[in-house]
2 protein chains.
Amino acid sequence: MKADNFADRLSAAVLDKGSRVCVGLDPNPDRLPTHLLEGNRLGEAVERFCCGIIDAVAEHCIAVKPQAAYFEALREAASPVLWSVMRYARQAGLLVILDGKRNDIGSTADAYARAYLRDDAPVDAITVNPYLGSNGVIPFVKTAAAEARGLFVLTKTSNPSSGELQDLRLSDSGKLVYEQMADLVARWGAELIGEYGYSSVGAVVGATYPEQLAELRARLPQTPFLVPGYGAQGATAQDVAAAFDERGLGAIVNSSRGIIFAYEKRNLPPTEFAQAAQAATVEMKNQINSAIEQSAG
Amino acid sequence: MKADNFADRLSAAVLDKGSRVCVGLDPNPDRLPTHLLEGNRLGEAVERFCCGIIDAVAEHCIAVKPQAAYFEALREAASPVLWSVMRYARQAGLLVILDGKRNDIGSTADAYARAYLRDDAPVDAITVNPYLGSNGVIPFVKTAAAEARGLFVLTKTSNPSSGELQDLRLSDSGKLVYEQMADLVARWGAELIGEYGYSSVGAVVGATYPEQLAELRARLPQTPFLVPGYGAQGATAQDVAAAFDERGLGAIVNSSRGIIFAYEKRNLPPTEFAQAAQAATVEMKNQINSAIEQSAG
């Protein structure tokens, strides 16, 4: 595992599977199919739900993104369930991107890296929040380099208020905050470029801001993007097409609620949550691939 | 518990105990006293270490700040140990500030709030990273209001590279990024002001930047500060005196390694880690109180 490079594993998986889909595992306890809760503790229900989703989508997506918050909502039961689900996803041949937006400095950042990015941890990459500056990111970069792991640094996020800080203009450089951050991300990742031309230090860039997405693609030619905001947050396949290069590489697009709770929108019984998730994943895969072809043609 | 207000519990504890010390629980697995590791699994050693520290310091500090990263380093064993330690600290009469620098939006932020700030969770406040803007903070503010809990928003952090983003000047307002963030923190906390005049929405302001600390104290007269950087990171009691008002309220000062690993610096055997931590806590308490008195006089 250590001999290779996260960015290359990501690109190879995209080409191999013909998919750019990342399925977000957001097992909101309030929305779990009720039949999973009967006779089970909540943690067991979460685990069965996530593993059922993984079985159904593994062939059609390249990664899952467990959202740490929904596992932490299990309180003392959190970590055994999270780790079990992550191991299951790895065994299903998926990349695992743990979305915890972690951030800290020095030996504390090393402790997070020790938890998730070292040795046999079933995690390929984590999301990192850069508010602390280089001290809060470089420890993760160093571990990623040594352990063939990756990270995705929050740059321009998909939420409505992301501009409150990220879109402000800086007087010295004339850049916007997210542009400044983008340039830092490129610098942090400059020594981790793989054979496909992408770094193992990626950026989180929301699909809900397609102009900024296109601009950042041009600004960061070697940075892979993790693109949230598809589906439930309103972005379409056309919105994300600009995130990809001419090979269809350079990004993966995440959908969480739109896939794992697809049975609700499709008016299917909760017992068919997995089939509905599979259908939604296939549909999203095809829509993105078509949009990329149209955009290239 | 819900009838009162986190900020008031904080101020009352400071006046009651005559202490402004928060002890950071950073149980770095590589630095645990070796006798605790003999015959114990790592998680047990971490728990014994933290509970031993809590017993020793409870009388002389008002809060502990468990650092989530060092518990997460226990991997699947993380959450049971973290929750057990937090419960133990609460039973010892301490406020518990969980330092996870969490950040997310909407229902995901609610999941973190559900985990740590609701019902019988043994957590009084958490630290929050504001890079996502209001969407990433207001869900925590709402839960804090409903559940008499608090949060501390990263504003000007103690690390050397904090200025890479936080000290940049914004062209529209002419403010620095951390000043802009400070004004947002005041706005987010404006409706949670308690009887002592402080909000349950606090700010993290590093002791290692004493000028900015003094400036932010003046700028945010109703915001309690969680002040890291004391001791191991180099800040002194004189550096933090400006964080306090004329009543000696308005801030708590954290020290982690300087207290929990005090036996190393004092050349005491590891078996005396708890006594060393107690002595270091008493010393820090007295130094801060003296510096406040001198500064007032």
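I count two residues as in contact if their C-beta atoms, placed from the backbone, lie within 7 Å. On that basis, 45 residues of chain A are in contact with 45 residues of chain B.

**Ground rules.** I am looking at a predicted model, where local features need pLDDT of at least 70, side-chain atom pairs count only at pLDDT 80 or more, and totals for chains, interfaces and linings use all residues. Residues are numbered from 1 along each chain as its sequence is written, and chains are lettered from A and ligands numbered from 1 in the order in which they are written.

**The interface.** Helix 6 of chain A gives the most, with six residues.

**Chain A overall.** I find 14 helices and eight strands in chain A. Its radius of gyration (over C-alpha atoms; the globule rule is 2.2 Å times the number of residues to the power 0.38) is 18 Å, close to the 19 Å that the rule gives for 297 residues, so chain A is as compact as a globular protein of that length. The C-alpha trace of chain A spans about 60 × 50 × 40 Å along its principal axes. Of the 297 residues, 62% count as buried (20 or more other C-beta atoms within 10 Å of the residue's own; exposed is 12 or fewer, partly exposed is in between; C-beta atoms are placed from the backbone). Among contacts in chain A between residues at least 6 apart in sequence, 73% join residues at least 24 apart.

**Barrel, chain B.** Eight strands close into a barrel in the order 1-2-3-4-5-6-7-8, with parallel pairing (two strands pair if DSSP finds at least two bridges between them). Strand 1 (residues 21-25) and strand 8 (residues 251-255) of chain B pair in the parallel sense over three bridges. There, I find Val23(B) with Ser255(B) as its bridge partner in strand 8 of chain B.

**Strand 6, chain A.** I checked strand 6 (residues 201-205) of chain A for cover, and five of its five residues are buried. Val201(A), Ala203(A) and Val205(A) are on one side, Gly202(A) and Val204(A) on the other. Strand 5 (residues 150-156) of chain A runs parallel to strand 6 of chain A, joined by five bridges, and Leu151(A) stands opposite Val201(A). Two bridges join strand 6 of chain A to strand 7 (residues 225-227) of chain A, also parallel, and Ala203(A) has Phe225(A) as its bridge partner.

**Ile97(B).** I picked Ile97(B) in strand 3 (residues 95-102) of chain B. Ile97(B) counts as buried because it has 27 C-beta neighbours inside 10 Å. Leaving out residues up to four places away in sequence, Ile97(B) touches Cys22(B), Ala63(B), Lys65(B), Asp124(B), Ala125(B), Phe152(B) and Leu226(B).

Terms used
Helix = DSSP H or I, 4+ residues; strand = E, 2+ residues; numbered from the N terminus.
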